[in-house]
Amino acid sequence: MKKVLIIGVGFLGSYIIKQLEKNHIDTIGTRITSNSRFTSLDITDKENIEKVISKHRPDCIVNCAARVDVDFLEKSPQIAYSINSEGVKNLAEVSGKYNTRLIHISTDSVFDGIQGFYNENDLPNPINVYGKSKELGERHIRNFHKNHVIIRTNFYGIHNEGKFLFNWIVDSLKSNKHIRGFNDVIFSPVEIGNLSEIIQEFILNSFIGTVHISSYDSMSKYDFALKIAQLFGFDSSIITEKSVDSFNFVAKRPKNTSLNNKNASKILKTKILSIEEGLQKLKKLKE
């Protein structure tokens, strides 16, 4: 029986725990602040990591801990690097010492967004502090721990508190609020439940290396909002096209971070859903 430590039980971490528990896999979840359900773990504290890993002796660790608020991190690079880089280095060193398999959730933002449809051999070239801190975290894992999987991805799904892109689009459409969708920001996101099944497969298999987990298709964020309106039966006329350049974001946004999932589809038995299939799944869950 595998024992899995999920670090950073937030949006994705909670889905992974549900997926593993459904399949009777022993899980321990951690958050930066402890409560009755989760162990306290701060990845910037190496002694804290050592204590938790030596106590629970997991077979595998899944690291979902990260700071992702892109504009905040642009103004606070020390926070970005302490969590997304140094914290990851701490994890890699300690899990390497215990020879514990480490699955790390990275991002499509390690790329500059010029080319699009990136494969695992394309060189990262992040253009904001968030992307740079995540890319450095990846390097630390490769340098300090052999038995690792780095998953570059972008995901969407139903969040219980209505946070993140999918929920914001659905809630705005439901309330008849005007949406400005970026027609020049292109991505290939995967549905969060599907991603959790895929992560479970990597927990149980022996693959080592970096892999891109994305849908087979890509689209602009404007088209993503239109697709949601169409499938969920909302009025799409309240969605208008805008360029990301027309917004005064603090951090630069890469424009096309679509990923090529060809390698993943060869490795995996789990089916990777298209964007339409993922949204159809969410529609059924919401009915």
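Predicted model: local features only at pLDDT ≥ 70, side-chain atom pairs only at ≥ 80, totals over all residues.
Residues are numbered from 1 along each chain as its sequence is written, and side-chain values use heavy atoms, with hydrogens and water left out.

Back to Asn260, then. It belongs to the loop between strand S13 (239-242) and helix H9 (262-267), where helices (H or I, at least four residues) and strands (E, at least two) are DSSP runs numbered from the N terminus. Asn260 has a relative accessible area of 13%, so it counts as buried; the scale is under 20% for buried, over 50% for exposed and partly exposed in between, using a 1.4 Å probe and protein chains only. Skip the neighbours within four places in sequence, and Asn260 is in contact with Phe117, Tyr118, Asn119, Glu120, His212 and Ser214, contact meaning heavy atoms within 4.5 Å.

Now for the helices. H6 (residues 164-174) and H8 (residues 221-232) have axes that come within 10 Å and cross at roughly 55°. Those axes are lines fitted to C-alpha atoms, for helices over the stretch in contact, with angles running from 0 to 180 degrees between N-to-C directions. H6 and H8 are therefore oblique to each other, given that angles under 35 degrees count as roughly parallel, over 145 as roughly antiparallel, 65 to 115 as roughly perpendicular and the rest as oblique. On the H6 side the contact uses Leu165, Phe166, Ile169, Val170 and Leu173, and on the H8 side Lys221, Phe224, Ala225, Ile228, Ala229 and Phe232. By class that comes to ten nonpolar, no polar and one charged residues, with Ala, Val, Leu, Ile, Met, Phe, Trp, Tyr, Cys and Pro counted as nonpolar, Asp, Glu, Lys and Arg as charged, and the others, Gly among them, as polar.

H8 also packs on helix H10 (residues 275-286), at about 45° and with the axes 10 Å apart. That angle makes H8 oblique to H10, and the crossing is right-handed. Here Phe224, Lys227, Ile228, Leu231 and Phe232 of H8 meet Ile275, Glu276, Leu279, Gln280, Leu282, Lys283 and Lys286 of H10. This contact divides into seven nonpolar, one polar and four charged residues.

Over in helix H4 (residues 77-97) you'll find Val88, which is buried because its relative accessible area is 1%. Its C-alpha atom is 9.0 Å from that of Ala66, 22 residues apart along the chain. Neighbours within four places aside, Val88 touches Ile43, Asn63, Ile83, His104, Gly137 and Ile141.

Finally, two loop residues. Asn99, between H4 and strand S5 (101-105), has a positive phi near 55° despite not being glycine, and is exposed at 58% relative accessible area. His24 lies between helix H1 (11-22) and strand S2 (26-31); its phi is near 60°, again positive in a non-glycine residue, and at 63% relative accessibility His24 counts as exposed.

How values were computed
Left-handed = near helix turned anticlockwise from the far one by under 90°.
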